[in-house]
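Open the model in your viewer and keep the sequence panel beside it. We will walk from the whole chain to single residues, one selection at a time.

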Amino acid sequence: MRPVSSTPETVPGSDAPLRAALRYGLIGLGVLVVASVAIATLVAGMPGLWGALLGAAIGGGFILTTVVSVLLGAKLPPQMAGMVLLVSWVAKLLVVLVIVAVLNQFDFYSRPALFFTVVGALLIVLGAETYGVVSQKVPYVTTRAGDGETASEQE
């Protein structure tokens with residue numbers, strides 16, 4: 001009997017929950033963009049349109065970057081994957097702070113539309129990603145002995 005390996009790169013489809021999270025997150029963001037652009041444009045005109053588009057880009061980009069960085073780091077050793085997540089988190093935080101600081105100087109967009117769209121993006125995209133992860137069925141194996149012992153050694 002062959003030994004069973006539990007490393008992610010040898011398990012086919014082990015990143016299926018992350019890919020589903022990315023797919024559902026993008027779908028949720030698309031629905032939010034259409035709805036928020038329509039509502040904000042009706043309420044505030046062109047500034048509402050720009051506020052909704054900027055809010056969707058900032059909020060959706062912030063959340064979806066996490067899934068992408070986890071997908072990229074999934075095949076790496078645990079220490080390197082942790083470093084990828086840490087660097088991506090700090091980088092996206094700095095990018096958002098710079099974008100908000102630059103946007104603060106302009107008045108071509110509706111600030112309430114930007115705010116509500118960012119909050120909506122955070123809630124909808126996180127919820128869609130959570131649904132994507134939870135709805136996936138990924139097989140896993142629990143051994144009776146420790147991880148170092150193969151299936152043939154257990155018998």
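**Before you click**

This is a predicted model, in which local features need pLDDT of at least 70 and side-chain atom pairs count only at pLDDT 80 or more, while totals for chains, interfaces and linings use all residues. Residues are numbered from 1 along each chain as its sequence is written, and side-chain values use heavy atoms, with hydrogens and water left out.

**Stop 1: the whole chain**

Show the protein chain as a cartoon: it has five helices and zero strands, in the order α-α-α-α-α along the sequence. Helices here are DSSP runs of H or I with at least four residues, strands are E runs of at least two, and both are numbered from the N terminus.

The accessible surface comes to about 10100 Å², with 73% belonging to carbon and sulfur atoms; the area is from the Shrake-Rupley method with a 1.4 Å probe, and for residues only the protein chains shown count as cover. Of the 155 residues, 28% count as buried. Buried means under 20% relative accessible area, exposed means over 50%, and partly exposed lies in between (1.4 Å probe, protein chains only).

**Stop 2: helix H1**

Select residues 16-44, which form H1. With 29 residues, H1 reaches 41 Å from its first C-alpha to its last, close to the 42 Å expected at 1.5 Å a residue; the expected span is 1.5 Å times one less than the number of residues. The buried residues of H1, among them Gly-25, Gly-28, Leu-29 and Val-37, pack against H2 and H4. Contact means heavy atoms within 4.5 Å.

Which side of the cut-offs does Val-34 fall on, buried or exposed? Val-34 sits in H1 and is exposed, because its relative accessible area is 60%. Just after H1, click Gly-45, which takes a positive phi of about 75°.

**Stop 3: helix H4**

Next, select residues 111-134 for H4. H4 has 24 residues and spans 34 Å between its first and last C-alpha, close to the 34 Å expected. Its buried residues include Leu-114, Gly-120, Ala-121, Glu-129 and Gly-132. They pack against H1 and H2, the latter covering 46-73.

**Stop 4: the second largest pocket**

Rolling a probe the size of a water molecule over the atoms shows where empty space is left. A pocket is an open set of points on a 1 Å grid over the protein atoms alone where a 1.4 Å probe fits, with protein on both sides within 12 Å along at least five of seven lines; lining residues have an atom within 4 Å of a point.

Select Leu-32, Ser-36, Ile-39, Ala-40, Val-43, Ala-44, Ser-110, Pro-112, Ala-113, Phe-116 and Thr-117 to see the lining of the second largest pocket. H1 and H4 are the elements that each give two or more residues to this lining, and H1 supplies the largest share, six residues.

**Stop 5: Leu-85**

Finish in H3 (residues 78-103), where you will find Leu-85. Leu-85 is partly exposed, with a relative accessible area of 36%. Leaving aside neighbours within four places in sequence, Leu-85 is in contact with Ser-69 and Val-70. The C-alpha atoms of Leu-85 and Gly-73, twelve residues apart along the chain, are separated by 7.6 Å.
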